[in-house]
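Biologist: I have the model open and would like a close look at one part of it. Could you pick that part and walk me through it, step by step?

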Amino acid sequence: MRRAVLTTASTGALVVLLLSLKPHHPAGLPAAAPAPSPAGSRPSGGRPADGTYTGSPVPTRYGTVQVAATVKGGVLTAVKVLRVPSENGRDQEIAAYAVPRLTQEALSVHGAAIDAVSGASYTSAGYIRSLQSALDRAGV
Amino acid sequence: MSEPGGTGPVSERGGLRHVEHVMGTVFSFDVRGPVTAAVGTALAAAVARLHHIDRVFSPYRPDSAVSRLARGELRPADCSAEVREVLGRCEAARRATDGWFDPAAGGVLDPSGLVKGWAVEDAARRLRAAGARHVCVNGGGDLQMFGGAAPGVPWRVGIAHPLRPGALCAVVSGHDLAVATSGTAERGAHILDPRTGAPARGPASLTVVGPRLTMTDVYATAAFARGAGAAGWLESLPGHEALAVTGDGGSWHTAGFPAYGVPVAAGR
């Protein structure tokens, strides 16, 4: 069961990381400052430019995580995990299991698999943190 | 906000997206496929209408018709046709839910629980009437869809997990579909139990799927207020299915829900 718990907690963390990778993020997003290094120019329409975006290392309760995301045609096509918790063998074992699954789940959320998100009514401020906001920004 | 079109770039596939801050929340418009001038005009009109609805129905604006009704300065018979329509729909909703949806649950008239869903459905209908075949309007987490994400492809809507920010608890799909979720994750305990006037103690979140958002949203609110009796009542509603996530991370759904939705991760 512990694996499931870690997977759950880390899914949230990873999605937050991915949100912070968006090049046009509003000022209200979490403090994880993104360091976008896109190849090519950024279009004016709000759609992220093709390229690979590297996120800042983010401390989580299980250790430090850092990811890079690849965007093609406005759609997230790949997530590469650069840094995972690795302080002992058990953590590495869990990370080896959890990270590929997290990547798959994050892609299914941010790729073309869903078109919109329903949830308990958000306010204008809550919208900024919502997955709907991420979908609107990506224009997928 | 800027004019529609300013924040709704036409994508490579055609289509139109627009985000509007109004009624204390955010409305997201997603029109797929070819976009004619008539659809662009209808979007502008739908957005203007949302601001109009807010001016008329907001209980937070002292000069709105709803505030004047609540203070007794205005009689229902003296109201505009659209206010009388909403009051009539509120009364129909109260009867259809055995009183569990009650626009006066807090002691003062507040039709907000019906107005937002009605406004979303109305906006989507106007776009469709203007010729848009594939329309998704999301008002603060409650959605009305027509057509599909592409010809022959259903819309897919993720249901936000109430206990795990950023994660989904299910994905529902369909063509002409309304999805409404009630819960405390975003606004706290804001749904009142009409029997006691105190905050209802419903599940962490309750999602109802149906054909039209006005009543789908009403059913979600009423079922949340019902608490323990919600599951049996929802099962009895024709054309509507539901999924609830409980405070301990468990979940239940009506017998017909799997026809619309797939849980992303089972239970806890």
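Modeller: Start with the chain that holds the part. In chain B, 54% of the contacts with a separation of 6 or more are between residues 24 or more positions apart. A contact means that two C-beta atoms, placed from the backbone, lie within 7 Å. This is a predicted model, where local features need pLDDT of at least 70, side-chain atom pairs count only at pLDDT 80 or more, and totals for chains, interfaces and linings use all residues. Residues are numbered from 1 along each chain as its sequence is written, while chains are lettered from A and ligands numbered from 1 in the order in which they are written.

Chain B has six helices and 11 strands. Both are DSSP runs numbered from the N terminus: helices are H or I with at least four residues, strands are E with at least two. Of its 268 residues, 51% are buried. Buried means 20 or more other C-beta atoms within 10 Å of the residue's own, exposed means 12 or fewer, and partly exposed lies in between; C-beta atoms are placed from the backbone. The C-alpha trace of chain B spans about 50 × 50 × 30 Å along its principal axes.

Now the part itself: the sheet. Eight strands of chain B form an open sheet in the order β1-β2-β3-β4-β7-β8-β9-β10, with antiparallel pairing. Strands pair if DSSP finds at least two bridges between them. At the edges stand β1 (16–22) and β10 (251–253) of chain B; each has a single partner strand, so one side of each has no neighbour in the sheet. On average, neighbouring strands are turned by 10 degrees against each other, direction ignored. Axes are lines fitted to C-alpha atoms, for helices over the stretch in contact, and angles run from 0 to 180 degrees between N-to-C directions.

Helices pack on this sheet. Helix α1 (residues 37–57) of chain B touches β1 and β2 (25–32) of chain B, and its direction makes about 10 degrees with that of β1(B). Helix α4 (residues 112–129) of chain B touches β2, β3 (134–139), β4 (142–146) and β7 (177–183) of chain B, and its direction makes about 160 degrees with that of β3(B).

Look inside α1 of chain B, where B:Val47 lies. B:Val47 has 20 other C-beta atoms within 10 Å, so it counts as buried.

Next, zoom in on β4(B). Five of its five residues are buried, so the strand is largely enclosed by the rest of the structure. In a regular strand, side chains alternate between the two faces of the sheet. Here both faces are covered, with B:Asp142, B:Gln144 and B:Phe146 buried on one side and B:Leu143 and B:Met145 buried on the other.

What are its partners? β3(B) pairs with β4(B) in the antiparallel sense over five bridges. One bridge links B:Gly139 to B:Asp142. The hairpin of these strands has two residues between them, and there B:Gly140 takes a positive phi near 60 degrees. β7(B) also pairs with β4(B) in the antiparallel sense, over three bridges. There B:Gln144 has B:Ala178 as its bridge partner.

β9 (residues 241–245) and β10 of chain B pair in the antiparallel sense over three bridges. B:Ala244 stands opposite B:Trp252 in β10(B).
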